[in-house]
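Hello,

Here is the structure we talked about, followed by a short account of what was found in it. Please look it over before reading on.

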Amino acid sequence: ILPPLEQINEQFKENFVYYKPKDIVAGDFYWLHVLNNETLIAAADCTGHGVPGAMVSVVCSNALNRSVVEFGKTVPGEILDKSRELVLETFSRSGTDVKDGMDISLLSVKKSNSDSVLVQWSGANNPLWYISSGELQEITANKQPIGKVDNPKPFVTHELELKRGDMLFLITDGYADQFGGANGKKYKYKQLKELLVSMHTNSMASQLQSINQSFLNWKGNLEQVDDVCIIGIKL
């Protein structure tokens with residue numbers, strides 16, 4: 001279900017995908033869909049990891065594809081609304097109360113020849129980070145998964161006008177939740193933000209290498225606790 005990296009490179013000249021499953025298959029996945037004048041890209045985290053997580057990933061990835069292709073949704077919030085509907089419909093067939101679901105950061109980038117780039121974004125539990133003029137900004141997600149919740153609300157679509165050279169990051173929680181360091185503590189989002197800001201002017205290959213090295217150094221001999229996915233895009 002993962003798009004080939006070549007396809008991502010065709011859409012975004014400067015990007016990196018750091019994808020590190022805990023097991024051979026994963027609950028985390030990245031997703032891409034190309035429309036006429038915009039590109040949709042997402043980092044997603046489904047319940048669990050390994051084979052159970054991968055099973056949920058297939059259901060959720062399929063729901064994203066159907067939302068766009070079959071139902072014609074192109075606005076990120078509307079894609080997430082429809083995906084939730086389709087995921088719940090699939091799980092309801094089991095006859096049991098399935099509490100599995102997906103956290104996701106879903107970005108739409110409009111094609112542009114000017115210095116400004118229009119992006120739309122929507123998230124379920126996972127935020128959007130972007131670096132503009134050297135400062136990291138965060139847009140928080142709806143605090144609800146793609147799955148069963150007591151009081152579901154429509155997902156909000158945020159619209160931003162960014163500049164060429166700005167960096168965008170789509171993340172799942174696996175990196176920040178990794179235990180390690182001198183005291184066996186979690187890496188945490190604050191440290192991840194500092195890492196991304198410190199190297200955001202470097203080449204994509206260099207950023208990817210730094211992210212991997214920092215993760216391995218932190219983890220040390222401890223077990224990887226979750227799947228990890230970080231997507232970086234330079235506009």
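Arg84 counts as buried, because its relative accessibility is 9%, under the 20% cut-off. Please keep in mind that the model is predicted. Arg84 sits in helix H3, which runs over residues 76–92.

Beyond the four places on either side of Arg84 in sequence, its contacts are Gln144, Pro145, Ile146, Gly147, Val149, Pro152, Lys153, Pro154 and Phe155. With one of these, Gln144, there is a polar contact between the two side chains, at 3.4 Å. Ile233 is 149 residues away from Arg84 along the chain, and 26 Å separates their C-alpha atoms.

On the fold as a whole, the protein has five helices and 13 strands. Its radius of gyration is 17 Å, close to the 18 Å that the globule rule gives for 235 residues, so the protein is as compact as a globular protein of that length. The C-alpha trace spans about 50 × 45 × 30 Å along its principal axes. Of the 235 residues, 50% are buried. Among contacts with a separation of 6 or more, 69% join residues 24 or more positions apart.

The largest pocket holds about 320 Å³ of space. Its lining consists of 15 residues, and Gln11, Phe12, Lys13, Val109 and Arg164 are the ones nearest the centre. By type, the lining has seven charged, five nonpolar and three polar residues. At least two lining residues come from each of helix H1 (5–11), strand S4 (101–110) and strand S13 (228–234).

Regards

Notes: Residues numbered from 1 in each chain as written. Predicted model: local features only at pLDDT ≥ 70, side-chain atom pairs only at ≥ 80, totals over all residues. Heavy atoms only, no water. Helix = DSSP H or I, 4+ residues; strand = E, 2+ residues; numbered from the N terminus. Buried < 20%, exposed > 50% of the residue type's maximum accessible area, 1.4 Å probe, protein only. Contact = heavy atoms within 4.5 Å. Polar contact = N/O pair within 3.5 Å; in protein donor to acceptor, adjacent residues only side chain to side chain. 1 Å grid on protein atoms, 1.4 Å probe; cavity = no way out; pocket = protein on both sides within 12 Å on 5 of 7 lines; lining within 4 Å. Points joined across faces, edges and corners; volume = space filled by probe spheres on them. Nonpolar A, V, L, I, M, F, W, Y, C, P; charged D, E, K, R; others polar. Rg over C-alpha atoms; globule rule 2.2 N^0.38 Å.
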